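User: I would like to learn how to read a structure feature by feature. Please give the general idea each time, and then the case at hand.

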Amino acid sequence: MGSLTLAKAKEILAKHTTEEHLLKHAAAVSAAMGAMAEHYGEDKEYWEAVGYLHDVDYEKFPEEHCQHVRELLAPEGVDDETINTIISHGWGLCVDEPEPTTPIQKSLFTVDELTGIVMAYGLMRPEGLKDMQLKSFKKKFKDKRFAAGCDRETIKKGFAMLSDMDPADIMTCTINGMQAHAAELGFAE
């Protein structure tokens, strides 16, 4: 496991990303990854940092996403294991390897798209993320027309990868993680 901190991840991302929606997405994935780390009993800050940096090359290279991660992060002193973890979230989507094999890689692959649905549902609710319930979220998840840009097949592939967790628990971790960072995500508390 690398020594990347959340503060360092934020410093690095600020050099490569300026679009507000990408920064909010980084914060959402970071929040969800923190909750997943807690579930697995892992280093929460490290997992949050990985989540925060996962799209480091997206703004500059949207058509070659995940293919420029190494060239942006290696000069910053980010270790190979962390770089491979970040690249792995694009497995089967924009890169052929590395395939997610560790809990952190599988979690990142899964929550990346899942956070988009949670965010969209929060934006349509008068109370935002506050008191979001799993049962009502599941209905939105099943409605393919809702947040249609979020790839549910990728999320389901991630659920299958995380076979030691029930999909409902993954959804709950994602919601809880994002609720804990509601203000950072633009929601009133």
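User: Is the crossing of α3 and α6 left-handed or right-handed?

Analyst: The crossing of α3 and α6 is right-handed; a crossing has that hand if the near helix is turned clockwise from the far one by less than a right angle, and is left-handed if anticlockwise. The model is predicted, so local features need pLDDT of at least 70 and side-chain atom pairs count only at pLDDT 80 or more, while totals for chains, interfaces and linings use all residues. Residues are numbered from 1 along each chain as its sequence is written, and side-chain values use heavy atoms, with hydrogens and water left out. Helices here are DSSP runs (H or I, at least four residues), numbered from the N terminus.

User: At what angle do the axes of α3 and α6 cross, and within what distance do they come?

Analyst: Two packed helices are described by the angle between their axes and the distance between the axes. Here α3 (residues 44–53) and α6 (residues 103–124) have axes that cross at roughly 45° and come within 11 Å. Such axes are lines fitted to C-alpha atoms over the stretch in contact, with angles from 0 to 180 degrees between N-to-C directions. That angle makes α3 oblique to α6; under 35 degrees counts as roughly parallel, over 145 as roughly antiparallel, 65 to 115 as roughly perpendicular, and the rest as oblique.

User: Which residues make the contact?

Analyst: Contact means heavy atoms within 4.5 Å. On the α3 side the residues are Y46, W47, V50 and G51, and on the α6 side P103, I104, S107 and L108. By class, this contact of α3 with α6 has 6 nonpolar, 2 polar and no charged residues. Ala, Val, Leu, Ile, Met, Phe, Trp, Tyr, Cys and Pro count as nonpolar, Asp, Glu, Lys and Arg as charged, and the others, Gly among them, as polar.

User: How do α5 and α6 pack, by angle and axis distance?

Analyst: Helix α5 (residues 80–88) packs on α6 at about 35°, with the axes 8 Å apart. This crossing of α5 past α6 is right-handed. From α5, N84, T85, I86 and S88 meet I104, Q105, L108 and F109 of α6. The classes in this contact are 4 nonpolar, 4 polar and no charged.

User: At what angle do α1 and α3 pack?

Analyst: Helix α1 (residues 6–16) and α3 pack at about 10°, and their axes are 8 Å apart. They are therefore roughly parallel to each other. L6, A7, A9, K10, I12 and L13 of α1 make the contact with E45, E48, A49, Y52 and L53 of α3. This contact has 8 nonpolar, no polar and 3 charged residues.

User: Which residues touch the most other members of the largest nonpolar core?

Analyst: A nonpolar core is a set of buried Ala, Val, Leu, Ile, Met, Phe, Trp, Tyr and Cys residues joined through side-chain atoms within 4.5 Å. The largest one has 59 residues, and M36, L53, L73 and F137 touch the most other members. Helix α2 (residues 20–40) gives the largest share, 11 residues. Leaving aside neighbours within four places in sequence, M36 is in contact with W47, S107, V111, L162, M165, I170 and C173.

User: Is M33 buried or exposed?

Analyst: M33, in helix α2, is buried, with a relative accessible area of 0%. Buried means under 20%, exposed over 50%, and partly exposed in between, with a 1.4 Å probe and protein chains only. M33 and G51 are 18 residues apart in sequence, with their C-alpha atoms 5.9 Å apart. Not counting residues up to four places away, M33 touches W47, E48, G51, I104, S107, L108 and V111.

User: Is D131 buried or exposed?

Analyst: D131 is exposed, with a relative accessible area of 53%, and sits in the loop between α6 and α7 (134–142). Beyond four places in sequence, D131 contacts R125 and Q179. The C-alpha atoms of D131 and Q179 are 8.5 Å apart, although 48 residues separate the two along the chain.

User: Is the peptide bond from E97 to P98 cis or trans? And is phi of C66 positive or negative?

Analyst: Most residues other than glycine have a negative phi, and most peptide bonds are trans. The bond from E97 to P98 is cis, with omega near 0°, and P98 is in the loop between α5 and α6. C66 has a positive phi of about 75°; C66 lies in the loop between α3 and α4 (69–73) and is buried at 3% relative accessible area. A147 also has a positive phi, near 50°. A147 is in the loop between α7 and α8 (152–161) and is buried, at 18%.

Methods: Helices (H or I, at least four residues) and strands (E, at least two) are DSSP runs, numbered from the N terminus.
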